[in-house]
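Hi there,

Here is the structure I promised to pass along. Have a look at it first, and then read on for my notes on what turned up.

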Amino acid sequence: MASSTAATPNTVSKIGHGLAKILHIDLQEEKNYEQQVTRGESMYSLGPDAEDVYVEAEPTVLEYFQQFAPTWGGTGNYFLSFFPFVTWIGRYNLKWAYGDIVAGLTVGCVVIPQGMAYSQLALLPPEFGLYSSFVGVLLYWFFATSKDITIGPVAVMSTLVGNIVADVPVADRPHVASALALISGCIVFALGIFRLGFIVDYIPLTAIAAFMTGSALNIAVGQVPTMMGIKGFNTRESTYKVFINTLKHLGRTKIDAAMGLTALFFLYLLRWVFTSFLVKKFPRWQRTWFFLSTLRTAFVILLYTMISWIVNRNRRDDPLFGILEQVPKGFQHMGLPRVSSSDISHFTTELPATVIVLLIEHIAISKSFGRVNNYTINPSQELIAIGITNIFGPFFGAYPATGSFSRTAIKSKAGVRTPFAGVITAGIVLIAIYLLTAVFFYIPDASLSAVIIHAVLDLITPPNAVYKFWRVSPIEAIIFFVGVIVTIFSNIENGIYVTVAVSGALLLFRIAKARGHFLGKVKVHSVVGDHLIGSSSDSSNATSSTDLDSLSRIPGIPLVKDYGSVGSKILAPDFDSSRNVFLPLDHRDGSNPSVEVVSPYPGIFVYRFSEGFLYANASHYTEHLVSHIFATTRRTNAQAYGKPGDRPWNDPGPKNPEKQAQLESELPTLKAIILDFSSVNNVDITSVQNLLDVRTQLDRYASPDIVEWHFASVGNRWTKRALSSAGFGFPPDNGKDQWKPVFSVAEVAGSEEVTVSDGEIERQIEKARDGDPEAARGLTSIERRRRKIVPVASIGRPFFHVDLEGAVASAVRNVKIIS
């Protein structure tokens with residue numbers, strides 16, 4: 001085998017080797033297995049050309065860091081990615097504009113009443129809800145990768161803000177809310193700048209669903225007293241306490257209930273009429289009914305505002321029921337936000353929950369609508385968008401804002417085409433801030449509470465979805481209920497922390513307690529209808545023997561090759577359609593228990609990792625591996641402990657050695673271990689050290705025999721480097737003389753042109769077309785070059801195999817030779 005000559009070490013290399021010698025560091029030079037090949041002795045013989053040999057180069061530390069080194073093009077793309085609108089704004093057209101205008105107007109009519117309602121949840125004056133609505137939709141489109149998402153005040157975030165400022169003097173509440181928006185916005189912006197959007201993926205769907213459901217119940221129950229006009233207790237206590245107190249104080253219900261209950265009834269009635277009844281009666285007008293349905297909130301608020309004006313116009317100072325009262329015109333609170341240590345001290349403990357809500361609501365919603373509408377969002381860029389919105393929002397008087405599920409759904413169904421629709425919505429909100437504030441004076445508080453209840457009840461996870469959780473993963477369904485219960489009996493913040501913490505603990509537990517599988521071999525066939533694919537009865541899909549025989553004599557047209565053997569011609573009607581698959585010996589994967597899964601060879605074990613192989617689960621894997629081997633094999637040297645004093649203190653040995661030896665006489669001795677690394681991407685020092693310890697333990701167990709360690713489907717070069725640094729990937733030193741390599745090889749086109757007349761090829765292809773038109777069609781594209789055989793993987797580490805079949809073939813062959 002041709003080996004690469006080492007380059008002359010430079011000055012840096014000489015210095016490094018000198019330091020290593022002084023510090024007594026045993027440098028491991030890259031080495032490859034050297035073999036003496038004699039034709040006929042191995043399944044693969046090296047060709048005469050050096051280019052046929054493939055030896056994989058070991059990755060270097062410099063190479064690792066070079067992949068992260070910035071390039072001019074990459075740097076430009078990085079900064080350009082901050083402004084995604086430049087990729088589509090140049091193609092903006094009238095059709096897009098029409099869709100954006102319709103969607104923007106629709107959302108604008110919804111966000112105005114919702115914004116003022118949610119500001120009540122935040123214990124802030126109603127104008128702050130309008131400010132947050134305006135800034136969110138105005139700034140987002142510059143940085144958006146989602147066309148559907150709508151940023152603004154939302155129920156859960158507003159409730160968190162209200163919980164934070166509840167104990168703050170009324171005059172200071174806007175300052176604390178603005179400071180919270182600024183600080184949380186900076187944190188989220190930093191996460192986006194460093195492209196850490198992937199951290200949201202660590203929050204599972206069940207945690208998000210539990211958080212949304214618990215929060216919706218918390219908010220809805222907390223708004224019932226306001227809708228009923230009931231006062232006299234704290235509506236921001238735990239959900240169960242608010243529910244109990246509401247029932248206790250039902251006798252204090254006021255006329256507000258007439259404005260609240262009927263408004264809630266009309267909201268659900270209009271939704272049923274426009275989304276169910278009229279759609280079935282007049283399906284051709286379905287889009288019209290959709291737009292009317294989305295405007296139901298604005299219609300109900302206008303209706304009850306008019307009723308309130310009629311009732312209270314002559315009693316502005318003493319209204320019959322609670323109304324919104326004065327809403328200042330314009331941006332009265334615009335200016336530099338006040339951020340002081342005293343303001344920050346009010347929300348220090350709630351800041352993590354605030355950031356989590358900003359992240360999971362927005363990213364979860366944007367990802368969901370991206371999948372529905374067939375586009376992909378950039379989570380890190382979305383974090384930048386949320387961060388920018390909340391950083392600049394306080395300059396306008398806004399409080400924390402994030403993506404809204406209800407308004408996003410409306411915007412998507414309204415036919416939005418680009419993120420520019422947010423500018424249209426901002427225009428509608430701006431008109432409301434300057435021209436409609438006088439109308440807002442008479443909006444009933446109870447009707448706004450009805451709007452909030454109507455909006456948040458849609459966030460509750462439906463029973464059918466919960467049942468699907470149970471079907472997919474019962475333990476995660478339990479986590480869902482735990483999160484909801486904690487939210488109801490504690491608060492929203494604790495519900496967030498518990499669901500995220502428990503989900504993270506479950507993830508770590510699954511990794512740490514991952515259980516691998518010992519595999520056996522089963523010969524299977526593929527069946528279509530009542531016959532085997534490739535069998536003689538499958539004549540419709542087979543090319544005739546005569547046709548293939550005639551084609552095989554034409555230079556440049558390759559023969560059908562049998563696996564593991566090069567040059568043997570297989571006639572299509574007679575080829576063996578069977579293949580080997582590897583299944584768990586215990587059938588814990590759900591395979592048919594009646595199928596007999598057999599070990600590939602006595603004393604050879606095939607072990608598949610299921611959840612990666614890292615420090616967290618390395619001991620669990622190796623303990624399982626060793627315990628199974630000890631239970632199913634016998635020690636090679638039964639007299640290893642000749643005297644009682646030779647036996648380890650923790651190994652009492654059998655009570656009856658003779659009887660135990662008789663029982664174990666039928667068990668095989670350990671020969672080889674094959675590890676399936678198809679699910680392993682990286683290894684670490686701890687996991688490799690575990691393998692080394694196990695190898696030492698099993699070498700003693702099998703002494704004086706040799707235990708071979710084979711690895712299949714190692715897909716990461718750094719994993720190969722780590723394993724080879726520990727001495728894996730090569731045959732044992734004391735077994736090289738008897739060992740012969742088994743390589744997986746493939747055919748590739750050679751460089752030598754083949755002279756074949758086009759007429760001869762056409763005649764043979766025409767002849768084959770009668771037997772199999774598809775095969776003949778494929779033959780027309782065959783390159784007229786000689787085929788040559790090359791190894792698929794590096795021959796420098798022959799115990800690293802492409803697949804399990806090759807690993808098993810190598811291990812079995814070597815065991816048979818040595819035996």
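Cys-186 counts as partly exposed because its relative accessibility is 36%. Here buried means under 20% relative accessible area, exposed means over 50%, and partly exposed is what falls in between (1.4 Å probe, protein chains only). Cys-109 is likewise partly exposed, given its relative accessibility of 32%. As for disulfides (pairs of cysteine sulfur atoms within 2.5 Å), the structure holds zero of them.

A word on how to read all this: the model is predicted, so local features need pLDDT of at least 70 and side-chain atom pairs count only at pLDDT 80 or more, while totals for chains, interfaces and linings use all residues. Residues are numbered from 1 along each chain as its sequence is written, and side-chain values use heavy atoms, with hydrogens and water left out.

The overall picture

The protein chain has 819 residues, and 45% of them count as buried. Its secondary structure comes to 30 helices and twelve strands; these are DSSP runs numbered from the N terminus, with helices (H or I) of at least four residues and strands (E) of at least two. A contact means heavy atoms within 4.5 Å. Among contacts between residues at least 6 apart in sequence, 84% join residues at least 24 apart. The chain exposes about 41700 Å², and carbon and sulfur atoms supply 59% of that area; the areas come from the Shrake-Rupley method with a 1.4 Å probe, and for residues only the protein chains shown count as cover.

Salt bridges

How many salt bridges does a search of the whole structure find? There are twelve, where a salt bridge is a side-chain nitrogen of Lys or Arg within 4 Å of a carboxyl oxygen of Asp or Glu. One of them pairs Arg-717 with Glu-63, with the closest N and O atoms 2.6 Å apart. That pair links distant parts of the chain: Arg-717 sits in helix α27 (residues 717-725) and Glu-63 in helix α2 (residues 61-66), 654 residues apart. Arg-717 is partly exposed at 32% relative accessibility, and Glu-63 is partly exposed at 33%.

Asp-676 and Arg-608 also meet in a salt bridge, at 2.6 Å from N to O. Asp-676 belongs to strand β8 (residues 672-676) and Arg-608 to strand β7 (residues 604-608), so this pair ties together parts that are 68 residues apart in sequence. Asp-676 is buried, at 2% relative accessibility, whereas Arg-608 is partly exposed at 25%. Shared partners also join Glu-56, Glu-63, Arg-717 and Lys-720 into one network of salt bridges.

A buried charge

Glu-708 lies in strand β9 (residues 708-712). Glu-708 is buried yet has no salt bridge, and the nearest side chain of opposite charge, Arg-813, is 9.6 Å away. For charge, Lys and Arg count as positive and Asp and Glu as negative, with His and the chain ends not counted. What does the side chain of Glu-708 make a polar contact with? Its partner is the side chain of Asn-814, at 3.4 Å. A polar contact is a pair of N or O atoms within 3.5 Å; within protein, one must be able to donate a hydrogen and the other to accept it, and residues adjacent in sequence count only if both atoms are side-chain atoms.

Two loop residues

Ser-146 is in the loop between α5 (126-143) and β1 (151-152), and is buried with a relative accessible area of 1%. The Ser-146 side chain makes a polar contact with the side chain of Tyr-375 at 2.9 Å, and reaches the backbone nitrogen of Ile-149 at 3.4 Å. Leaving aside residues up to four places away in sequence, Ser-146 touches several residues, among them Ser-366, Glu-382 and Pro-419.

Leu-250 lies in the loop between α9 (239-248) and α10 (256-281). Leu-250 is partly exposed, at 42% relative accessibility, and touches Met-228 and Ile-230, again not counting residues up to four places away in sequence.

A covered helix

Helix α6 (residues 155-165) is mostly covered, with ten of its eleven residues buried. Those buried residues include Ala-155, Met-157, Gly-162 and Val-165. The buried residues of α6 pack against α4 (94-121), α7 (173-193), α8 (205-228), α14 (351-372), α19 (445-456) and α22 (492-512).

Best wishes
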